[in-house]
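Work through the exercises below with the sequence and the model side by side. Try each task before reading its solution.

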Amino acid sequence: ITLDSASAAAVVDKVLADGAGYGKNAHLGGKTLNLEFVSANPTGPIHIGGTRWAAVGDSMARVLEANGAKVVREYYFNDHGEQINRFAKSLVAAAHGEETPIDGYKGKYINEIADRVIAEAEADGVDVLSLPRVDGGLDKDGNPLGEGDSEQREEFRKRAVPMMFDEIQRSMKEFRVRFDVWFHENNLYKDGEVDRAIEELRSRGDIFEKDGATWFESTKHGDDKDRVIIKSNGDFAYFAADIAYYWNKRHRAVDPADVAIYMLGADHHGYIGRMMAMCAAFGDEPGVNMQILIGQLVNVMKDGKPVRMSKRTGKAITLTDLLDEVPIDSARFFFNQRESSSTLDFDLDLAVRNDSENPVYYVQYAHARICSVLKKLEAAGVTFEGADALDASLLTDPSEQALLRLLSAFPAEIAAAAEKYDPARITRYVIDIATAFHRFYNACRILEADPAVRQCRMALCLAVRSVIRNVLTMFKVTVPESM
């Protein structure tokens, strides 16, 4: 089937008429999707893997919204459990100039947080370093502290964890990432939701007792082994909170999720079986009501060599480290250039280049070039007379036809990106359309063309500019009119 020029060019009218709405659809209308991403522990800055999820998750949310879904962007704070204890122990050791505990956290940021805790406590009239370090004592609510805790460690914990929350929230805002819900794991325990979720599974016949522990019979639902949820010493296993959190997402009073989408790191691949079993145990459909995306690692490269160590943390590169090196536009665009299920090499040298080798610069330049062309036409007294005056059959040059085909493909790309949970489809698409425009610009004259042809080419420029703007806006990348 071959379309004649006029039929192929009809897409220009559609793009100009729909403007910012071009490409969008409503096939996910009426569905609430809970998209949880990043969710790093509040024990340190966001590392490079979490940064990738931040860029991909935020962009994916906008892709899903372009398909009509209501998207709840959610960050899950793991503020309950052993990692918080290790964090507090590390701070106490740093405050006293001692070696970091074997299982603790180290890096410049630990010393910074410890100093901030001491200063904040002093301002409140508390000499935190003089508080007892021996086991026992009471927490801020007068309850006995757990084994291995002390009043001093509890003071560091209660002050430092909110500091890390604030830092994470600030870094996400700086990276142009917005969350609708900041959910605290600790609330699942405080509000009794863990107990209620376990009782719900018990009522369904999926809980049993063995060796003094409480188990979830996940093998009934496809898992490779049953899972302990309450240990023999009475402590909850980590998976107990996962059970309660999923139940909360599906049944909360405000915006309950039709689909709960989890974006997890590569080290969580082993969690999929138990999570899907839990979904099925609650009567939901695995792969439908619960969907799990596994992201792969990021290799940060400079001068052709990997950069592994953060100056601030002594471990993985952080979001702050990255933004000290590259513009936010480049970072957000680069993280969305490959499927998140693939390992990504992030080239710091390429990300700061202001030339066509840098893909985000290349796309932005296409938009700026169109703006420049239209300004020159305006200065020459040439105005666009509107779509009704076009003879679309005049767009016959191969470069024009290539642009028309790409413009027509945008709605399908938006739909496919949502279906595959792959916003990288859209960045690849916009690079293609920028490439096609640059070829058109070199092949076809606009100002010197016959007036009727000139009007068609102006319309084509306007349509391409609109689509590029739609994509860059979707990915929260700056849309420059001059460069």
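**Exercise 1. Is Glu74 buried or exposed, and what is it in contact with?**

Step 1. At 0% relative accessibility, Glu74 counts as buried; buried means under 20% relative accessible area, exposed over 50%, and partly exposed in between, with a 1.4 Å probe and protein chains only.

Step 2. The model is predicted: local features need pLDDT of at least 70 and side-chain atom pairs pLDDT 80 or more, while totals for chains, interfaces and linings use all residues. Residues are numbered from 1 along each chain as its sequence is written, and side-chain values use heavy atoms, with hydrogens and water left out.

Step 3. Glu74 sits in strand E2 (residues 70-77). Helices (H or I, at least four residues) and strands (E, at least two) are DSSP runs, numbered from the N terminus.

Step 4. Contact means heavy atoms within 4.5 Å. Apart from neighbours within four places in sequence, the contacts of Glu74 include Asn34, Glu36, Phe179, Tyr245, Lys249 and Arg252.

Step 5. Trp53 is 21 residues away from Glu74 along the chain, and their C-alpha atoms are separated by 12 Å.

**Exercise 2. Describe helix H11 and the residue Asn336.**

Step 1. Helix H11 covers residues 328-335, and eight of the eight are buried, so the helix is largely enclosed by the rest of the structure. Among them are Asp329, Arg332 and Phe335.

Step 2. Asn336 belongs to the loop between H11 and strand E11 (344-347). Its relative accessibility is 1%, so Asn336 counts as buried.

Step 3. The side chains of Asn336 and Ser59 are joined by a polar contact of 3.2 Å. A polar contact is a pair of N or O atoms within 3.5 Å; within protein, one must be able to donate a hydrogen and the other to accept it, and residues adjacent in sequence count only if both atoms are side-chain atoms.

Step 4. With neighbours within four places in sequence left aside, Asn336 is also in contact with residues including Ala55, Pro423, Thr427 and Phe475.

**Exercise 3. How do helices H14 and H16 cross, and which residues make the contact?**

Step 1. The axes of H14 (residues 398-419) and H16 (residues 451-474) come within 11 Å and cross at roughly 35°. Axes are lines fitted to C-alpha atoms, for helices over the stretch in contact, and angles run from 0 to 180 degrees between N-to-C directions.

Step 2. The crossing is left-handed, meaning that the near helix is turned anticlockwise from the far one by less than a right angle.

Step 3. H14 contributes residues including Glu400, Leu403 and Phe410, and H16 residues including Arg457, Leu460 and Met474.

Step 4. The contact residues divide into eleven nonpolar, no polar and two charged. Ala, Val, Leu, Ile, Met, Phe, Trp, Tyr, Cys and Pro count as nonpolar, Asp, Glu, Lys and Arg as charged, and the others, Gly among them, as polar.

**Exercise 4. What is the strand order in the open sheet of three strands?**

Step 1. The order is E4-E5-E6, with antiparallel pairing. Strands E4 (207-210) and E6 (227-230) are the edges, each pairing on one side only.

Step 2. Two strands pair if DSSP finds at least two bridges between them. E4 and E5 (residues 213-216) have four bridges, and Ile207 stands opposite Phe216 in E5.

**Exercise 5. Where does Val38 lie, and what is its phi?**

Step 1. Val38 is in the loop between strand E1 (32-36) and helix H2 (48-66).

Step 2. Its phi is near 70°, a positive value in a residue other than glycine. Most residues other than glycine have a negative phi.
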